Each structure stands twice: as structure tokens, then as C-alpha cells.
Amino acid sequence: MTRRVSRANILDAVLRELRRIVLSVRGRFFSRPKPLEPSVLVPLSRSEAERLLGERHFAPNWDMSFSYFGEVLNLRRVEYVIDHPTGYEWWQVHVRGYHHPEGLELTAHFETDPSETPDAHVDRVGIDIDRGLEELNAVLEEQDIEYRELSKSDVAALA
């Protein structure tokens, strides 16, 4: 039995390859050192954290963000915020994960949604690390996941 190749099949293959190339270029030319910011340490693997957050409406964000050295998890959850002081309505909680000798180190921040407000996102308008960590911690606590908070100096000591 021969398989008929359709335009849709060819287009899907081309788009998959294009995405692979874009992610490769992103990793090679748009990677930065891991930021020294507060984080939480969880006793989870990357896949366990991805599933936990994915079940709470976090989605992969590799295509929409810079790459950081050592990053193994990149998820976001989009939110609509009424009456934010900046005037922007579309926001995201952005979570990144890094391997750690004791589990997985997760950073989080609340920021404008890059797909709706790219200029504000790049300019870091309204970025809020504390709010991002609060929302991440709420998810972890809701699921009875133990975590340890790491300060900026804790993170710097590991670098």
C-alpha cells in the first residue's frame, strides 16, 4: 500500500523543521547566563514539574522567550487582568526550571504577555518577581509539594 503525500503533509513537515531550526538558532545565538533571582527548590524531576504545572494551565513557552544556560523547563500561564496600574490587560506567570543537585530549581515572575504586548514585554514593564513566586508557591502548596525558598545570595553561591 502506498501512502499519498498531500500538501498538508508537506506543509506540516516543513513547519516542524522550521520550528526546529528556530529553536536551534534561539539556543545558539539568544542564550543568556541564568539570572540570579530568588527561586524555589522542589524535589521533582523536570517531567514531574511539567506535568504538575501543565495540569494547572501552564503551557510550553520555548518559542516565545530567551534561552538561559542550563534551562530545562519553560512554561507560562496567561492571565487577563482588569485595571492593572500599567493599563495592560494580558499578563503571564512565567516559570523556568534548572537542574539542581537536590531536585529542580524553579524561578517565576509575572510579566506582560509577549504575544499581545511585545514592546512592553521586552521593556520589562510591570515585571513582578514576587508575584510570580507567590503564584508558583500557591500551586505547589495546593498540591502538597514541599519546597525550599532560595534567596538571590543562595542562587549566587551555586553559580
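Helices (H or I, at least four residues) and strands (E, at least two) are DSSP runs, numbered from the N terminus.

## Basis

This is a predicted model, where local features need pLDDT of at least 70, side-chain atom pairs count only at pLDDT 80 or more, and totals for chains, interfaces and linings use all residues. Residues are numbered from 1 along each chain as its sequence is written, and side-chain values use heavy atoms, leaving out hydrogens and water.

## Aromatic pairs

The structure holds two aromatic pairs. Rings of Phe, Tyr and Trp (its six-membered ring) pair if their centres lie within 6.5 Å; planes under 30 degrees apart count as stacked, over 60 as edge-to-face and the rest as tilted.

Tyr80 and Trp90 pair edge-to-face, at 5.0 Å centre to centre and 70° between the planes. Tyr80 is in strand 5 (residues 71-80) and Trp90 in strand 6, so this pair ties together parts ten residues apart in sequence. The rings of Trp91 and Phe110 have centres 5.1 Å apart and planes at 5°, so they are stacked. Trp91 lies in strand 6 and Phe110 in strand 7, so their pair ties together parts 19 residues apart in sequence.

## Burial

Buried means under 20% relative accessible area, exposed over 50%, and partly exposed in between (1.4 Å probe, protein chains only). Tyr80 is partly exposed at 45%. Trp90 is partly exposed too, at 35%. Trp91 is buried at 0%, and Phe110 is buried at 1%. His121, in helix 3, is buried at 17%.
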